[in-house]
Amino acid sequence: MASEDVKRSESAVTTIVNLAEEAKFAKEGVQAPSHAFLSICKSLVAGGVAGGVSRSAVAPLERLKILLQVQNPHGIKYSGTIQGLKYIWKTEGFRGMFKGNGTNCARIIPNSAVKFFSYEEASKGILYLYRQQSGNEDAQLTPLLRLGAGACAGIIAMSATYPMDMVRGRLTVQGQTSLLLSLDGYHPHTEMSPRHYRGIFHALTTVLREEGPRALYKGWLPSVIGVVPYVGLNFAVYESLKDWLIKSRPFGLVEDSELGVTTKLACGAAAGTVGQTVAYPLDVIRRRMQMAGWKDAASVVTGDGNSKAPLEYTGMVDAFRKTVRYEGFGALYKGLVPNSVKVVPSIAIAFVTYELVKDVLGYN
């Protein structure tokens, strides 16, 4: 009897413990998703703010870069960074310096939000797998693993917002097309002039109607290839430089295991410079593939300069081949200087803004 009583007591205790654990898990199950959702929102907000602030700060240089990439090689209007900015200011005024920036921000804000969030999640996943494989629970991400996480983040973010990038490129070039037509005697708002995109939504619907849904992803392949070294190197160089500075403490740049804003800006500038230099030719090809098929950009995008019909590309390799054949290898780096001037502050501001907003929101 005593044995049966003991067994019953043990059974009762076990039942109580199980109920307590179930209640605990149920409580955690209700709270965990809420906390996770809040963390996701904070990360997305921080990334979006970082993208909007950094891109708006360099909007004139972004527009000039695109115009340099796609201008007619036999009708040069922009010969350099300073001259190009002066020309835009003279012909289009202050608003011309920021033409297409609204579309650009509409694209870059969600792109940046997804990119930073994806990097955070990809880093956690890769680090977990790396620790499992190595058997070292204290292992940290190596530069190569950071490159992989950054590449994953870049591909996800770029693919999600690519149609907006396509439209942004055309809206930016549209201003230059109007100017060239006016010089030829056409008024940009008469029936004789080509149709203009009136905004983001109108441009999206027009491209879908006249060129089909595939047109929204023209140049996607070189973008995917280009985003691997570009975004991957951005994150890898930035995070690795920060780690190195914290561990080695050179020149007294580190205080209390924290980097100052100026030092972080320098790390971001170095990361942006390395990434964009490696990936720039693919950015040029992507932009040209986006313009191909748009008949109203014929005065800007031409092959050998002798025809008013824009070149059609059968693919990324064909675009490379025709660009080099008609304009030389240097055409793959058209707009590199203004892009470099743009990238240095843009990437730096984006990284620092992201970390500052994360701190303000209390996201870890």
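Me: How many helices and strands are in the protein chain?
Reply: The protein chain of this predicted model has 10 helices and two strands.

Me: What pattern does the chain follow along the sequence?
Reply: Read in sequence order, the pattern is α-α-α-α-α-α-α-β-β-α-α-α.

Me: And what share of the residues is buried?
Reply: Of the 364 residues in the protein chain, 49% are buried.

Me: What part of the contacts links residues 24 or more positions apart?
Reply: Among contacts with a separation of 6 or more, such pairs account for 78%.

Me: Turning to helices α8 and α10, at what angle do the axes cross?
Reply: Helix α8 (residues 261-291) and helix α10 (residues 336-361) have axes that cross at roughly 135° and come within 7 Å. The angle therefore makes α8 oblique to α10.

Me: Is that crossing left-handed or right-handed?
Reply: The crossing of α8 past α10 is right-handed.

Me: Which residues of α8 and α10 meet?
Reply: On α8 they include Val261, Leu265, Gly268, Ala269, Gly272 and Tyr280. Their counterparts on α10 include Leu336, Val343, Ile347, Phe351 and Glu355.

Me: How does that contact divide by class?
Reply: The contact of α8 with α10 has 12 nonpolar, six polar and two charged residues.

Technical notes. Residues numbered from 1 in each chain as written. Predicted model: local features only at pLDDT ≥ 70, side-chain atom pairs only at ≥ 80, totals over all residues. Heavy atoms only, no water. Helix = DSSP H or I, 4+ residues; strand = E, 2+ residues; numbered from the N terminus. Buried < 20%, exposed > 50% of the residue type's maximum accessible area, 1.4 Å probe, protein only. Contact = heavy atoms within 4.5 Å. Axes fitted to C-alpha atoms, helices over the stretch in contact; angles between N-to-C directions. Parallel < 35°, antiparallel > 145°, perpendicular 65-115°, else oblique. Left-handed = near helix turned anticlockwise from the far one by under 90°. Nonpolar A, V, L, I, M, F, W, Y, C, P; charged D, E, K, R; others polar.
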